[in-house]
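Open your viewer and get ready to select a few residues at a time. We will walk from stop to stop, and at each one you will hear what to look for.

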Amino acid sequence: MLFDLDGVLLDSRDAMLATLAGVATASLGRRITVADLPPDALTTPRVEVLAALGVADPDGLCKVSWDPALATASATTLFPGVLEGLMAIKDAGMATGLVTLQTRTRMPWLLPPAVLALLDVTVCREDAEPKPAPDGILLALARLAAAPHDAVFIGDTLTDQAAAFTAGVAFAGAGWGYAGPDELAEARCPMVLTDPSQIGPGLLDLAVAGRAPQRVSAPAR
């Protein structure tokens, strides 16, 4: 079972918005607040958000300023039930993996050791072409020696859904994440989950069988 990080396992909404605003402020020489960011800032590539605000060379700026801004931004926390769900998945003898746009050096800042220990493989920004390309998912499957039809990817954005579809992997949308349940449903996401407590071993059977769009409210654990 594969997971995106931000908006799925990790509640990082405030931290990501504060980081965007902080990086823009440092570049533009005037204060940029979270309220100045576009409504879709969390589901739009950061360089596009920064460029729209007038930042020159946003990619180069992020390489220098993103990590310091993120390290001093609001704290990130696990969504309630995530740790218990991962433990239940491992207890059921299933493999787990993370496919994220975060870099590997940030993992200890963002996730507690107990969660990192439950992940069999972690594919980060530097390891593969970012989503919506399927490369990260396929790399995680290769490292786990797993076939696409035996896996499910839980993400929270349309780029996550596109990556899963191209990789041939069943997809479940985390309705509590960045895009939200309505946007996922409008894009005909095969399965839209409503609560992080639904993360569990039963989710694999639900996602693989549930090819028709549906919204699942009962815990899958």
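**Stop one: the cavity**

Select helix α7, residues 135-144: α7 gives the largest share of the lining of the largest cavity, 3 residues. Helices here are DSSP runs of H or I with at least four residues, strands are runs of E with at least two, and both are numbered from the N terminus. Before going on, note that this is a predicted model, where local features need pLDDT of at least 70, side-chain atom pairs count only at pLDDT 80 or more, and totals for chains, interfaces and linings use all residues. Residues are numbered from 1 along each chain as its sequence is written, and side-chain values use heavy atoms, with hydrogens and water left out.

A cavity is a set of points, on a 1 Å grid over the protein atoms alone, where a 1.4 Å probe fits but cannot get out; a pocket is an open set with protein on both sides within 12 Å along at least five of seven lines; lining residues have an atom within 4 Å of a point. The largest cavity holds about 70 Å³ of space; grid points are joined across faces, edges and corners, and a volume is the space filled by probe spheres set on the points.

**Stop two: two spots in loops**

Select Lys131 and Pro132: a cis peptide bond joins them, with omega about 20 degrees. Pro132 sits in the loop between β5 (121-123) and α7. Next pick Ala145, in the loop between α7 and β6 (152-155). Ala145 is not a glycine, yet its phi is positive, about 55 degrees.

**Stop three: the largest pocket**

Show Thr44, Pro45, Arg46, Leu101 and Arg125, which lie nearest the centre of the largest pocket among its 32 lining residues. The elements giving two or more residues to this lining are α1 (13-28), α2 (46-52), α3 (58-71) and α8 (158-167). Which element gives the largest share of the lining of the largest pocket? Colour α3, which supplies 7 residues. The space in this pocket is about 830 Å³.

**Stop four: a helix pair**

To see the contact (heavy atoms within 4.5 Å), select residues including Ala15, Met16 and Thr19 in α1, and Leu61, Ser65 and Trp66 in α3.
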